[in-house]
Protein chains: 2
Amino acid sequence: MVLRGPHIWGHDGPADVLIRDGIVAEVGGTFDSSDCEVVDLSGQLLIPSLVEAHCHLDKTLYGGPWVPHSAGDTLADRIANDRDRRRELGIPDIDRIVALLERMSSFGTTHVRTHTDVDPDVGLLGIEVVEAAAERLGDRMVVQQVAFPQHGIVTNPGTEELLADAATAGVRAIGGIDPAGMDRDPVRHLDVVFGLAERFGLDLDIHLHDGGTLGAWELELIADRTAALSMGGRVAVSHAYAFGDLNDHQQDLLVDRLAHAGVAIVTGAVYSFPVPPVKKLRAAGVTVACGHDGIRDLWGPYGSGDMLERAMHLAYRSTFRSDPDIELALEAATIGGRRLLGLDPRGVEVGAPADLVAIDAGTAAEAVVTHPDHRTVIRAGRALPQRPIDVTGVEDDA
Amino acid sequence: MVLRGPHIWGHDGPADVLIRDGIVAEVGGTFDSSDCEVVDLSGQLLIPSLVEAHCHLDKTLYGGPWVPHSAGDTLADRIANDRDRRRELGIPDIDRIVALLERMSSFGTTHVRTHTDVDPDVGLLGIEVVEAAAERLGDRMVVQQVAFPQHGIVTNPGTEELLADAATAGVRAIGGIDPAGMDRDPVRHLDVVFGLAERFGLDLDIHLHDGGTLGAWELELIADRTAALSMGGRVAVSHAYAFGDLNDHQQDLLVDRLAHAGVAIVTGAVYSFPVPPVKKLRAAGVTVACGHDGIRDLWGPYGSGDMLERAMHLAYRSTFRSDPDIELALEAATIGGRRLLGLDPRGVEVGAPADLVAIDAGTAAEAVVTHPDHRTVIRAGRALPQRPIDVTGVEDDA
């Protein structure tokens with residue numbers, strides 16, 4: 001296949017791209033395209049496909065009718081509401097999950113890391129339903145599951161054993177959540193999640209909403225344990241709101257500690273919660289990835305599934321105005337996600353997998369700012385059929 | 001004209017709407033529609049048209065090619081960059097302004113308050129160009145201009161006289177900007193802007209970025225002077241970032257003071273700057289309106305012109321999750337703007353002007369969250385022709 005004439009993010013001027021056997025075979029120059037399928041992308045911007053690095057597919061109500069938010073304002077309210085209503089609403093719902101994955105795919109997302117609840121109430125049902133939903137999309141979408149103890153581990157007996165069961169059931173990573181603020185025993189919590197990750201050779205992704213000195217101290221614990229266990233490159237902290245409460249010097253020290261340990265940071269720039277210092281983190285070499293967190297679920301009604309729009313939120317909340325700054329957000333939504341998920345981190349380069357998106361924009365910064373709906377998506381070297389996109393969240397052909 | 005079958009924001013169930021002579025003549029019930037133009041809006045949500053309450057039309061680069069952001073990170077950098085580059089880029093540019101107004105209109109905005117730079121460098125050129133641009137849209141769009149001293153008054157000799165000239169040239173309001181932090185003499189700054197507003201019978205809209213105790217004290221000065229001059233209902237403070245640095249009790253005291261004085265608050269929920277406490281302000285009866293601030297200009301590359309998307313940002317940054325909370329953001333983008341601009345503040349009610357938008361959404365909260373592009377816009381009782389919307393910012397038929 002030949003992609004004819006797109007501008008390529010990071011390259012000067014338009015160039016043709018030859019794709020062979022699912023790989024980017026040539027970029028620029030002249031090559032024989034006589035037997036090739038040709039896709040005209042002149043005037044379009046070609047970027048690596050989008051990676052959703054943090055979502056909760058198992059919880060989504062996407063594609064169904066509007067469900068007004070019913071939880072109170074505290075975390076305890078939201079947890080109680082989640083437990084009470086998920087059975088009533090039939091969550092996890094394979095059709096809702098498939099609808100969301102289809103939508104993500106139409107926007108150019110090819111890889112997803114999703115955090116699936118595992119607890120004595122729901123057991124491994126979520127893991128099974130998400131896996132079945134992912135299978136329905138075939139090779140259009142790669143879904144990595146994290147076994148996620150939403151309701152605690154130390155404080156929720158039975159969860160640790162279920163996480164171990166999930167580990168043998170094909171998940172890619174073990175999750176953790178607020179070892180101090182939520183689970184009340186940070187060292188024991190980290191003992192469990194690092195222990196499971198080591199024992200089963202899995203990645204680790206800890207959701208850290210704890211703010212201030214508490215959250216910063218937990219980030220230190222996680223960095224130090226990652227370094228001690230030589231697990232650099234396999235551990236991520238999602239959210240990391242505590243960065244917002246630190247001064248510049250404190251941020252710098254913590255960024256260095258994470259960089260040396262090899263801990264990645266995942267952010268969605270959600271609501272008004274603090275956004276980690278993306279520029280500092282990238283300058284220090286920390287992997288930064290981006291994801292929606294919840295999409296249209298009992299925890300909140302927002303989220304479109306479009307990672308280019310999510311990159312806009314990340315850039316906007318980071319007060320990124322210049323093109324190079326805005327491109328840091330796009331990097332998080334593409335290359336950063338590849339790094340987090342253990343994929344080939346190269347962009348549109350010879351030898352890289354041909355997972356690509358073409359967007360009607362002149363520059364990468366413009367693509368982030370305007371995130372136009374119409375896109376050409378190439379997955380594993382094949383152009384995906386273009387689907388009507390209904391922004392109300394209900395698939396036209398569902 | 002009959003609007004057939006929409007759900008109407010705030011009403012139960014779908015109802016027909018009869019429009020006669022630019023006014024909502026009947027809502028619900030049965031009426032003779034034999035001689036009427038009928039617009040089928042079944043399955044759509046009907047809301048009052050959108051009001052852009054704070055933008056800078058004169059500065060926009062909208063509809064032209066992408067211009068990478070060129071200013072440094074400080075306010076001084078941005079001011080210097082603005083002065084240096086606006087001539088080079090031909091700002092103000094009537095075609096850019098018309099392109100943006102057309103786009104706003106296609107999204108369902110019918111009324112705009114725009115802050116136009118007035119200073120010894122640009123004189124009244126911006127005022128004239130914006131007025132000429134607005135005329136090109138005829139009665140589809142009502143544009144109210146604020147004569148805005150972007151580069152100071154006390155610190156920028158000649159500006160006060162030009163504001164007075166602008167006052168006689170048809171502007172609707174006088175602007176002010178950071179009386180302390182920027183113009184260095186808060187009492188003298190307020191003397192000038194309140195004085196001009198009183199003398200010419202104009203409204204007043206002060207941009208207050210100053211944070212912390214300084215900004216809060218300026219809000220007190222503005223409230224007290226508004227009360228002393230009985231100018232309640234004619235004075236607004238835009239941005240009011242200082243609210244973000246106050247504790248709950250301090251916020252409550254300040255909200256009361258603004259409510260009693262009749263000072264409105266305008267917010268865009270831009271970047272990561274603090275968002276005023278919308279729920280508290282509305283509970284106290286303070287008018288809250290919403291606007292983009294800059295749209296695709298030398299101050300920043302963001303902004304689409306869509307006030308429904310802007311309401312999403314306001315709701316999202318306010319961490320509004322429930323339907324009634326999210327509707328506060330929509331209220332700011334519709335009814336709140338009407339109050340600010342001195343228009344009939346009624347919604348879809350008998351006797352109210354027939355400025356309406358129909359959106360493909362089931363509920364008002366869903367309309368804010370999803371803000372779908374396709375809309376039916378009714379202005380002064382007439383359905384506007386639907387235009388192709390190109391989200392890259394370049395009008396298809398320009």
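1. Buried side of helix α4, chain A. In this predicted model, helix α4 of chain A spans residues 159–168. Its buried residues are A:T159, A:L162, A:L163, A:A166 and A:A167. These residues lie on the same side of α4(A), because they cover an arc of only 150° around the axis.

2. Several elements of chain A cover the buried residues of α4(A). Among them are two helices, α3 (125–136) and α5 (186–200). Strands β9 (142–148) and β10 (173–177) are also included.

3. After the helix. A:G170 follows α4(A). The phi of A:G170 is positive, near 105°.

4. The sheet in chain B. Here four strands form an open sheet. Their order is β4-β3-β1-β5, with mixed pairing. β4 (23–27) and β5 (38–40) of chain B are the edge strands, and each pairs on one side only. On average, neighbouring strands of this sheet are turned by 25° against each other, direction ignored.

5. The β3–β4 pair, chain B. Strand β3 of chain B covers residues 17–20. β3(B) and β4(B) run antiparallel and are joined by four bridges. For a landmark in the viewer, find B:R20: it stands opposite B:I23 in β4(B).

Note on methods. Residues numbered from 1 in each chain as written. Chains lettered and ligands numbered in written order. Predicted model: local features only at pLDDT ≥ 70, side-chain atom pairs only at ≥ 80, totals over all residues. Buried ≥ 20, exposed ≤ 12 C-beta atoms within 10 Å, placed from the backbone. Arc of directions from axis to C-beta. Contact = placed C-beta atoms within 7 Å. Pairing = 2+ DSSP bridges. Axes fitted to C-alpha atoms, helices over the stretch in contact; angles between N-to-C directions.
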